[in-house]
Amino acid sequence: MLNSPGNRHLRDETTHFGSPSRGLPATHFRRPRQESPRLPNTSLSEKSYFDETDLSAYFSHLNVNDRIFDNPVYHFPLVENGFFSHPCQEAEQINQDSSILNLLHNHNFDGLRSNGNELSSVPRNQWMSSLSLKRNQWLQDSFDCSSLRDLRGNIVALAKDQYGCRHLQRTMSSLPKEEIEMIFVEVIDRVCELMIDPFGNYVVQKLVELCSEEQRTRILLMLTNNDFQLVRICLNTHGIRAVLKLLENLTNPQQISLVIAALRPGAVALTKDTNGHYVIQYCVKHFSHEDTKYLLNEVADNCYGIATDKSGCCVLQHCVEYSKGAQRERLVAEIIANALLLAEDCYGNYVVQHLLALRVPQITASLLRQLEGHYVSFSCNKYGSNVVERCLLESGEEQSTRIIIELLRSPNVSMLLMHPFGNYVIQSALLVSKGFVHDALRYLIRINSPMMRSNIYGKKVLAWFQKRRLPYI
């Protein structure tokens, strides 16, 4: 497998906007919005300026609490959506009846000095997060106090809200069929939108578990009425979760046929996607051979491209393992036909190794014949050397002997003893060889031992004998 710890050459190849705000004086933060005073309709010809008395009259209705500016808390302006704001705005949203100072003083913030007008080492985000928690709790309490019928017409909006979706999931578990039907009616026309929503997908998952068989069929029809719509949802990080939950709750052949027909055109794209490959693996594992044969044919038609992809190589191994009959034979034949190229690919080599690990004599024999004559070049390749080792370890004595003889007959066999990758192939050959072939390998090592002692990779081969307390001379 791709992440198997036994593969020594595996290399990992996976791969709010705003600018910093400058502090402003305490008097420059945005105050809670109030109605702007309107100046009288006076032309410049009648009065070219306003005296101090007039301005006092215009703004006399504003009530400004000077104590706010004495509190060190208000020396830290915040930025939200590009505007300077202040925690007191959040406080008024939480509880209009509570004063700003009482709300803030109810918290025990570390670093706040009891004496003085400075705030020491208190992050600005700490104030906002605390106030946000109170607001969120207030919203949560509002949801809990509302019955589902009070929320009629707003189910979709609630499903896309962080706290609304949690409230819906909690209440749906104990609802009668009539109220589940009410939620279904509101959700069905926008189910595709909700499935890819960070919060809405959880509501869809819960609804799929509770709705009737006929309602699930209607959801599937909504997902499959447009070409590639279901495929696009499967490619989404949130959508794949909802799709897998839907697949787990399919109950009749008609529903499965709808899914397979919708996935088939995008099967290749799904196998190569970090999200989409899960749906292909689920279908191959849990659906019948008759249902998945069309998906398997698409995979076989694009075998090389899928096998050389990071996600695709895992899907291809999964398909070989769970397929049967003609589809499996075709998959195996395509892999063997491309074995020379796949053996040296960073992902394809795992597919070739998977075929050998099946230990099916006919498959192993066909694969070894395809690789014959290339074992030396593969032994010097970072990925191909893994394939040669697996050939030696998984094949029978007769087959492994033929591979070792091919290595010994090569004029470059001495190079393998001190090669970064070839030395591992020699060690595996020593492990499985017997009789005259084993003696020939030990003789090769004996005549090259002086050079091997001065080479870091040659020392690894000599250490093989020391570990087993065997002489190589």
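These questions and answers walk through a predicted model of one protein chain.

Residues are numbered from 1 along each chain as its sequence is written. In this predicted model, local features need pLDDT of at least 70, side-chain atom pairs count only at pLDDT 80 or more, and totals for chains, interfaces and linings use all residues, while side-chain values use heavy atoms, leaving out hydrogens and water.

Me: What average pLDDT does the protein chain have?
Reply: pLDDT is the predictor's confidence in each residue, from 0 to 100. Residues 1–6 fall below 50. Residues 9–122 stay under 50. Still, 68% of the residues score at least 70, and the chain average is 77.

Me: How many helices and strands does the protein chain have?
Reply: Both are DSSP runs, numbered from the N terminus: helices are H or I with at least four residues, strands are E with at least two. The secondary structure comes to 30 helices and 2 strands.

Me: Is helix α22 largely enclosed or open?
Reply: Buried means under 20% relative accessible area, exposed over 50%, partly exposed in between (1.4 Å probe, protein chains only). Among the buried residues of α22 are Gly-348, Tyr-350 and His-354. Their cover includes α19, α20 and α23. With 9 of its 10 residues buried, α22 is therefore largely enclosed.

Me: How do the axes of α22 and α25 run: roughly parallel or roughly antiparallel?
Reply: Axes are lines fitted to C-alpha atoms, for helices over the stretch in contact, and angles run from 0 to 180 degrees between N-to-C directions. The axes of α22 (residues 348–357) and α25 (residues 384–394) come within 10 Å and cross at roughly 0°. Angles under 35 degrees count as roughly parallel, over 145 as roughly antiparallel, 65 to 115 as roughly perpendicular and the rest as oblique. The two helices are therefore roughly parallel.

Me: Which residues of α25 make the contact with α22?
Reply: Contact means heavy atoms within 4.5 Å. On the α22 side stand Asn-349, Val-352, Gln-353, Leu-356 and Ala-357. On the α25 side they are Asn-386, Val-387, Arg-390, Cys-391 and Glu-394.

Me: Is Ser-379 buried or exposed?
Reply: Ser-379 sits in helix α24 (residues 375–379). Beyond its neighbours within four places in sequence, Ser-379 has contacts that include Leu-407, His-419 and Phe-421. Its relative accessible area is 0%, so Ser-379 is buried.

Me: What share of the 473 residues counts as buried?
Reply: The count covers the protein chain and its 473 residues. The share that counts as buried is 44%.
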